[in-house]
Amino acid sequence: METKQKLFRELDSAAPKHTVFASNTSSLSISMIASATERKDRFGGLHFFNPVPVMKLVEVVRIGETSQETFDYLTEFGKSVGKQPVSCRDTPGFIVNRLLVPFLMEAVRMLERGDATAEDIDVAMKLGAGHPMGPIQLLDYVGLDTSKFIIDGWHERAPDVQLFEPSDLLNKLVAEGKLGNKTGQGFYEH
């Protein structure tokens, strides 16, 4: 967060006052990033999805101070680069990750409780819900360290929200350096 705030503080002093700022993030608060500037009315979020050339969605995130003009500009920018924009307030995870991350964490909790194996959880969600990959496979793809960073940040901001509870199993794997696809081992060996 400090790095983004420092960057936007510096940009704020250097850029013309009419310049619109946007930050691409999947989990950081746009309001907290924008707090480093004097142009909150010209600040929003653009959350592009990985891999960006393939994924068609962009979440356009508005904070309380974002002007309608800025929001419209960011929405049109998203369209101009071939994306389908959706609108969201500055809530943890915006739309997709707000729904996805608790779902992924519940899959990990099922593993922790011994309710099912990683393989069975993944097969069930692929064949039963039509998902292109299962939640455990997706966690390995995204990176266990990335998922831990997200859930830890949300838990810090909202410690009373049960959906944002950290996982002992996820913490253990990350501490062991088992980060998923990028290290060759996470929940699965790759």
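Trainee: Which element gives the largest share of the lining of the largest pocket?
Mentor: This is a predicted model, so the reading applies to a prediction. Helix α4 gives the largest share of that lining, with 6 residues. At least two lining residues each come from β2 (43-48), α4 (96-113), α6 (135-142) and α7 (144-157).

Trainee: How much space lies in the largest pocket, and which residues are closest to its centre?
Mentor: The space in the largest pocket is about 720 Å³. Its lining has 28 residues, and F49, N97, L100, L138 and V142 are the closest to the centre.

Trainee: How many residues of each class are in the lining of the largest pocket?
Mentor: The lining of the largest pocket has 17 nonpolar and 11 polar residues, and no charged ones.

Trainee: What is the volume of the second largest pocket, and which element gives the largest share of its lining?
Mentor: The second largest pocket has a volume of about 240 Å³. Helix α7 gives the largest share of its lining, 6 residues. The residues that line it include M1, E2, F149, W154 and R157. By class, this lining has 6 nonpolar, 3 polar and 3 charged residues.

Trainee: Where in the chain do F8 and F43 lie?
Mentor: F8 is in helix α1 and F43 is in strand β2, 35 residues apart, and the pair links distant parts of the chain. Both F8 and F43 are buried. F8 and F43 also belong to one aromatic cluster together with F21.

Trainee: What kind of aromatic pair do W154 and F164 form?
Mentor: W154 and F164 form a tilted pair, at 5.0 Å centre to centre and 55 degrees between the planes. W154 lies in helix α7 and F164 in the loop between α7 and α8 (168-175), so the pair ties together parts that are 10 residues apart in sequence.

Trainee: Why do W154 and F164 count as buried?
Mentor: Buried means under 20% relative accessible area. W154 counts as buried because its relative accessible area is 1%. F164 is buried too, because its relative accessible area is 1%.

Trainee: Now the threonines. Where is T37, and which residues is T37 in contact with?
Mentor: T37 lies in the loop between α2 (30-34) and β2. Leaving aside neighbours within four places in sequence, T37 is in contact with F8, D12, F21 and F43. T37 is buried, with a relative accessible area of 0%.

Trainee: Which backbone atoms does the side chain of T66 reach?
Mentor: The side chain of T66 reaches the backbone oxygen of F43 at 2.7 Å. T66 sits in the loop between β3 (57-62) and α3 (68-80), and T66 is buried with a relative accessible area of 7%. Beyond four places in sequence, the contacts of T66 are K40, D41, F43, G44 and F71.

Trainee: Is T19 buried or partly exposed?
Mentor: T19 counts as partly exposed, because its relative accessibility is 22%. T19 lies in the loop between α1 (2-14) and β1 (21-23). A polar atom of the T19 side chain lies 2.9 Å from the backbone oxygen of P16. Not counting residues up to four places away in sequence, T19 touches R39 and R42.

Trainee: How many helices and strands does the protein have, and what part of its residues is buried?
Mentor: The protein has 8 helices and 4 strands. Of its 190 residues, 40% are buried.

Key
Residues numbered from 1 in each chain as written. Predicted model: local features only at pLDDT ≥ 70, side-chain atom pairs only at ≥ 80, totals over all residues. Heavy atoms only, no water. 1 Å grid on protein atoms, 1.4 Å probe; cavity = no way out; pocket = protein on both sides within 12 Å on 5 of 7 lines; lining within 4 Å. Points joined across faces, edges and corners; volume = space filled by probe spheres on them. Nonpolar A, V, L, I, M, F, W, Y, C, P; charged D, E, K, R; others polar. Buried < 20%, exposed > 50% of the residue type's maximum accessible area, 1.4 Å probe, protein only. Contact = heavy atoms within 4.5 Å. Polar contact = N/O pair within 3.5 Å; in protein donor to acceptor, adjacent residues only side chain to side chain. Phe/Tyr/Trp six-rings, centres within 6.5 Å; stacked < 30°, edge-to-face > 60°.
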